[in-house]
Amino acid sequence: MDVEGLRSYLKKYGQEHCLDFWDTLSAKQQETLYKDLKALNLEEITKYFNRCEESLKHPGEKIDDHLQPLPAECFGSIVRTDENKLKLYESEGLHQISESRVAVLLLAGGQGTRLGVNYPKGMYDVSLPSHKTLFQLQAERLIKVQELAHKLTGKEGIVPWYIMTSEHTQEATRQFFQKHDYFGLNPDDVTFFEQFTLPCMTFEGKIILETPYKLARAPDGNGGLYHAMESSGVMDDMTNRGVKYIHVYCVDNILVKMADPHFIGFCIQKGAHCGAKVVEKTSATEPVGVVCKHDGKYRVVEYSEITLKTAEKRNPDGRLTFSAGGICIHFFTTEFLRKIIKHHQHELIHHVAKKKIPYTDSKGETVRPDQPNGIKMEKFIFDVFPFSDSQFAVWEVLREDEFAPLKNSDSAPADNPTTSRHSVFNLHMRFVIKAGGSFVGEDGAPLPHIPSQREEYDEPIVCEISPLMSYSGEGLSDLVRGKTFRSPLVLKASGENGKESMMLEH
């Protein structure tokens, strides 16, 4: 090991403190630290930090005068589109799936820290009657949408599933899928790849040591996707498979529609190279990013960047002018991503996240601060939107149908296991009612369909429909029409849990 050469390299960029504990380390620890430091591109990292430092000097800068609302020609809504067009979009999406031209890409680098667990979020069980995890629900929806495409076209297309993990979730995720036999999917069609990490920095630009021989690191954000896709061979695999369209989503949305045919079909029909699924903001002050135009380019603007006056602007119909709340569900063509990777990666800037980062004190002991002491540098997946020019599409969906993020433990008031579970119950209850079924209480009296009208009941109507039975409520009429059910109601597909036929449990 050329320790003096390494020391000189570190000194050039003001990072020589990384070797402060060198003489106290064991030979194995020295080797670990040496390899880690030698692999750093300090010129690049310094450039990233300097850009981030500029944003730290101008926090919360308002950009109201640069914003424009979304033009009507790029915008579509599942509730304001007539039935014939919806069928056209769905048919387009299913046809592309049947031709194996669609892939789904999962952003699964996050740990369940805020949930209070030390394993990947996708392994979490929100206590549905089936006890299916997020990963299993998503896998089964993927199986079902392929079946729907086959039923429509007669062709058995494959939707490959690409799962971007982090160093913290990679091995646990792999083992979980192996343990559960990939939830019925072909292992050859499930690809795991790892996003990159960057050192955490102090506010002065010094790399933070977590231990005397280990750098404090953090994933480079979901915008690190593009670099990871290129370096891991994922883009090459997509090309070899003939994939043309990619549906990207986050792991924590329990209601996510895998390879959503409506969304994919809408984007294709619009000729879009890039698209975003959104929900209407609940209020002007809801803390979500807004999809809009900024100086004529599509982008996501953080709520903190907009003044209250602009956030409260309304159209003549009374809707918020800037109402398109981003939910991190995106559409890309592979052609567009190849262009990003080849020509624009270097233009994607890093954003600053101030964090409480464990660090090593002068005695070599790890300290866990109670206030932010440094920054993590991360890119955002939507930072590529401006490069789409006019070939961009926005598809608005109902929050109660498609967006229920799982972020917090039940000690928090929202986005927790209970709210996620209840969102599934509510959606599936509505599937049953729409298909002609109804629910009654213990006394046999009909239960109101609207939850707020059932205040005398302590618990929600428990209703779970296996994704293997129905993707989004289709195919239930023959089973439930004209029938009444008591909570809990569980609908399973043929063959589930060793059963030989479709069944109801209630």
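Helices here are DSSP runs of H or I with at least four residues, strands are runs of E with at least two, and both are numbered from the N terminus. By that count, the protein has 14 helices and 24 strands. This is a predicted model, in which local features need pLDDT of at least 70, side-chain atom pairs count only at pLDDT 80 or more, and totals for chains, interfaces and linings use all residues. Residues are numbered from 1 along each chain as its sequence is written, and side-chain values use heavy atoms, leaving out hydrogens and water.

**Overall build**
- The C-alpha atoms fill a box of roughly 80 × 55 × 50 Å along the principal axes.
- Of the 506 residues, 52% are buried, meaning under 20% relative accessible area with a 1.4 Å probe, protein chains only.

**A look at strand β12**

**Neighbours of β12**
- Two strands pair if DSSP finds at least two bridges between them.
- Strand β1 (residues 67-68) runs antiparallel to β12, joined by 2 bridges; here glutamine 68 has lysine 293 as its bridge partner.
- Strand β13 (residues 297-301) is also antiparallel to β12, with 5 bridges, and valine 291 is partnered with valine 300.
- β12 and β13 make a hairpin with 2 residues between them, where aspartate 295 in the turn has a positive phi of about 50°.

Methods
Buried < 20%, exposed > 50% of the residue type's maximum accessible area, 1.4 Å probe, protein only.
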